[in-house]
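Trainee: I'd like to take a close look at just one part of this protein. Could you walk me through it slowly?

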Amino acid sequence: LQSLDGRNLSPKRGIKIRKEALNALVEMKKAAESEKCNLQVISAFRSYNTQQNVFMHWVKEFGIAEAQRISARPGTSQHAYKGISMPYWRRCEQSAF
């Protein structure tokens, strides 16, 4: 896994993804910047224990049904084993029309 630290790809520290995903992400970031957009990764690889904590947070916050709708159960998340799933946000400059 490759760290995103120091690459201006995420506001958070400690996020790691697979090398192939990093290469694709760098290209996506360049394309976004060419359209005056900022792309930032919110999260990526999560251990089983981290995913369990995330899932249980949503269970406590919203109940089991909603947690299952918005979050993966531990052991089923693409974050955990692949290192390729990564939620991100994109902000773009507004045009002056």
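Trainee: How many residues does helix α2 have, and what distance does α2 reach from its first C-alpha to its last?

Mentor: Happy to, and keep in mind that this is a predicted model. Helix α2 runs over residues 48-62, which gives it 15 residues. From the first C-alpha to the last, α2 reaches 21 Å, close to the 21 Å expected at 1.5 Å a residue.

The protein chain has four helices and four strands, and along the sequence they come in the pattern β-β-α-β-α-α-α-β.

Now look at which side chains are tucked away. In α2, the buried residues are Q51, F55 and V59. If you look down the axis of α2, those buried residues fall within an arc of 80°, so they line one face of the helix.

What do the buried residues of α2 pack against? Their partner is α3, residues 64-70.

Over the protein chain, the mean pLDDT is 85, with 90% of the residues at 70 or more.

For some background, step back to the chain as a whole. Of its 97 residues, 29% are buried, and Q51, F55 and V59 of α2 are among the buried ones. The chain exposes about 6700 Å², and carbon and sulfur atoms supply 50% of that area. Contacts also reach across the sequence: among those between residues at least 6 apart, 52% join residues at least 24 apart.

One last stop, in another helix. K29 sits in helix α1, residues 19-34. This lysine is buried, with a relative accessible area of 6%. Its side chain makes a polar contact with the side chain of N38, at 2.9 Å. Leaving aside neighbours within four places in sequence, K29 is in contact with N8, L9, N38, L39 and Q40.

Terms used:
Residues are numbered from 1 along each chain as its sequence is written. Side-chain values use heavy atoms; hydrogens and water are left out. Helices (H or I, at least four residues) and strands (E, at least two) are DSSP runs, numbered from the N terminus. The expected span of a helix is 1.5 Å times one less than its number of residues. Buried means under 20% relative accessible area, exposed over 50%, partly exposed in between (1.4 Å probe, protein chains only). The arc is that of the directions from the helix axis to the C-beta atoms. Contact means heavy atoms within 4.5 Å. Accessible areas come from the Shrake-Rupley method with a 1.4 Å probe; for residues, only the protein chains shown count as cover. A polar contact is a pair of N or O atoms within 3.5 Å; within protein, one must be able to donate a hydrogen and the other to accept it, and residues adjacent in sequence count only if both atoms are side-chain atoms. pLDDT is the predictor's confidence in each residue, from 0 to 100.
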